[in-house]
Amino acid sequence: DLHSFPTRRSSDLEPAWREEKSIADGGSILRYLNETASEYGIDRKIRYGQIVTRAAWVSAESRWLVDVTASGSAEPIRYSCNFLYLCTGYYDFGEGYLPGWPGVERFRGQIVHPQQWPDDLAYEGRRVVVIGSGATAVTLVPAMAEKAAHVTMVQRSPTYVVSLPARDWIANWLRRNLPDRAAYTLSRWKNVAISMFYYRLARRRPEFMKRLIMKGAKAQLKPDFDTERHFTPSYNPWDQRLCLVPDGDLFRAIREGRASVVTDEIEIFTETGLQLASGEKLDADIIVTATGLKLRLMGGMELMLDGSPAELSKRFLYKGMMLSDVPNLAYSLGYTNASWTLKCELIARYVCRILNHMDRRGFTTATPRVHGDIEEEPAIDFTSGYIQRALASLPKQGSRKPWRLYQNYALDTFSLKYGSVDDGTLEFTRPSAQRCVA
């Protein structure tokens, strides 16, 4: 309910990160989330063990009806609300992507997918093969190499890997010498400016950026390591995501001989490991399939509008957060070229602004409407496999604002934090059904 919380002030929602590490481990992130949720009372509003299966908009009542299945309950639960805010991400959290290799059933060891990681996995002193080259793989390999007998990363093709310090000495210095708010603001904009600069450099001068990344990788590895083969992708930087490794931990594990990289195709699984297309055989006790993700918008729920499917692929994204002709619904989606939460925070602030505007003016619905002709473009212009496999089911972006996704924090800050809610695109209505295009 719009009135179940006190007045929403977006300036209140600014818990700062105070850890020493800027590229943080999972424990630090979880601790921050728990502390923030407790401080702002969010933990007392969460209903655990519930899966949303369906959300249906009823125009006659200006309400969403949300159907939920709950663990331990045989009866479905129905919630109703007049504004629905989805923070479900866009990954399938039930299962990851598996290419489907021949002979998997023959392997006598243990096969683990990171999304179903067992708490009791014993890999100390054992031979581990990690299949994949993305963020999950480059995180797991150095972590497991600390205790495993040896870890081999098997990749079909390389990924750009960049080493950054885990601790941001500038941010830490600012926190020691400035008030919290000033230090937090300066640190954030410093990091945003650096990431935007390198992203634009990569798009405008891809060959230069490629050489710069390769130079950094070579400096981290032994002179005889084949960097061209194992860390030089065939695509340009930021055609797919870059992988960051804190303090070069992946390179250090390879340099010290605790881990290795093999770039080859998997031909078949054997009883003892893998046989590669080159004829090489890799023995393993444990195989970790870090082979990618599946996209699944809105947690897989069914979205209905007055009894008809919403058909997401026919919708445009308004400011990267709402869907054309879908009332009172916001969707929290982050950046693909920067921290995911940067955009999510801006969206949360904008949702507060919309709700407060509706409260003040007595509106019951806010619906993005497309005016005039706009060209249709893919919402995400990545060549990554998980994106390409799902493009047909994703909403689209348009050729002009506010339907275009700029992947630019500075532009989005002006649009979402300071831009007018009355932008001529959001259509507001009152209970009398009298329409008002702001």
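Me: Hello! How much accessible surface does the chain have, and what share of the surface belongs to carbon and sulfur atoms?
Reply: Happy to start there, and please keep in mind that this is a predicted model. The accessible surface of the chain comes to about 23,000 Å². The share that belongs to carbon and sulfur atoms is 52%.

Me: What percentage of the residues is buried?
Reply: A residue counts as buried when its relative accessible area is under 20%. The chain has 438 residues, and the buried ones make up 44%.

Me: Why does the radius of gyration agree with a compact globule?
Reply: Let's compare two values. For 438 residues, a compact globule would have a radius of gyration near 22 Å. The chain agrees with this because its own value is 24 Å.

Me: How many helices and strands are there in the chain?
Reply: Both kinds of element are present, so let's take them in turn. The helices number 10. The strands number 24.

Me: Which residue in the turn of the hairpin formed by strand 2 and strand 3 has a positive phi?
Reply: Strand 2 and strand 3 pair in the antiparallel sense over five bridges, with Val 66 opposite Tyr 79 in strand 3. Six residues lie between the two strands of this hairpin. In the turn, the residue with a positive phi, about 85°, is Gly 72.

Me: Is Gly 27 buried, partly exposed or exposed?
Reply: Gly 27 lies in helix 1 (residues 26-39). Partly exposed covers the range between the buried limit of 20% and the exposed limit of 50%. Because its relative accessibility is 43%, Gly 27 counts as partly exposed.

Me: How many Å apart are the mean positions of the positive and negative charges?
Reply: The chain carries 57 positive and 51 negative charges.

How values were computed:
Residues are numbered from 1 along each chain as its sequence is written. This is a predicted model: local features need pLDDT of at least 70, side-chain atom pairs count only at pLDDT 80 or more; totals for chains, interfaces and linings use all residues. Side-chain values use heavy atoms; hydrogens and water are left out. Helices (H or I, at least four residues) and strands (E, at least two) are DSSP runs, numbered from the N terminus. The radius of gyration is taken over C-alpha atoms; the globule rule is 2.2 Å times the number of residues to the power 0.38. Buried means under 20% relative accessible area, exposed over 50%, partly exposed in between (1.4 Å probe, protein chains only). Accessible areas come from the Shrake-Rupley method with a 1.4 Å probe; for residues, only the protein chains shown count as cover. Lys and Arg count as positive and Asp and Glu as negative; His and the chain ends are not counted. The place of a charge is taken as NZ of Lys, CZ of Arg, CG of Asp or CD of Glu. Two strands pair if DSSP finds at least two bridges between them.
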